[in-house]
Amino acid sequence: IIESLSLGGELYAQGTINSQYKSFLLFNFGGSYNFTKSLSLPFSIGHSLAGQKTFSAYLGIDWVWSPSC
């Protein structure tokens, strides 16, 4: 879309851990927006497609500190 925006998706499956945590198949969509070479905003949101109902979301700030930036 634009040079500073990266987008992607993934399928994630997890098997049954115990009687409380059943197996599920999750679809996530997310990406990262780069404000500068050293500052970006990663994000992700997902929901189960099969199995135990699951929702996940993530929003963060990624700051890279190095002499080369």
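Predicted model: local features only at pLDDT ≥ 70, side-chain atom pairs only at ≥ 80, totals over all residues.
Reader: How is one to judge whether Asn28 is buried or exposed?

Author: The general idea is that a residue under 20% relative accessible area is called buried. Asn28 has 9% relative accessibility, so Asn28 counts as buried. Asn28 is placed in strand 2, which covers residues 24–34.

Reader: With which side chain does the side chain of Asn28 make a polar contact?

Author: Its partner is the side chain of Ser56, at 3.2 Å.

Reader: Is Phe24 buried or exposed, and which residues does Phe24 contact?

Author: Phe24, also in strand 2, has 12% relative accessibility and therefore counts as buried. Beyond neighbours within four places in sequence, Phe24 is in contact with Tyr12, Ala13, Gln14, Ala50, Gly51, Gln52 and Thr54. For one of these, Gln52, the separation along the chain is 28 residues, while the C-alpha atoms of Phe24 and Gln52 are 5.2 Å apart.

Reader: Which residues make the nonpolar surface patch?

Author: A residue can join such a patch only with over 30% relative accessible area. Here the patch is made by Ile2, Tyr33, Phe35, Leu39, Ile61, Trp63 and Trp65, and its area is about 860 Å².

Reader: Why is Trp63 called exposed?

Author: The term exposed applies over 50% relative accessible area. Trp63 is called exposed because its relative accessible area is 59%. Trp63 belongs to strand 5, residues 62–63.

Technical notes:
Residues numbered from 1 in each chain as written. Heavy atoms only, no water. Patch = residues over 30% accessible without salt bridge, like charges linked within 9 Å, V, L, I, M, F, W, Y side chains within 5 Å. Areas by Shrake-Rupley, 256 points an atom, 1.4 Å probe, with all protein chains shown as cover. Salt bridge = Lys/Arg side-chain N within 4 Å of Asp/Glu carboxyl O. Helix = DSSP H or I, 4+ residues; strand = E, 2+ residues; numbered from the N terminus. Buried < 20%, exposed > 50% of the residue type's maximum accessible area, 1.4 Å probe, protein only. Polar contact = N/O pair within 3.5 Å; in protein donor to acceptor, adjacent residues only side chain to side chain. Contact = heavy atoms within 4.5 Å.
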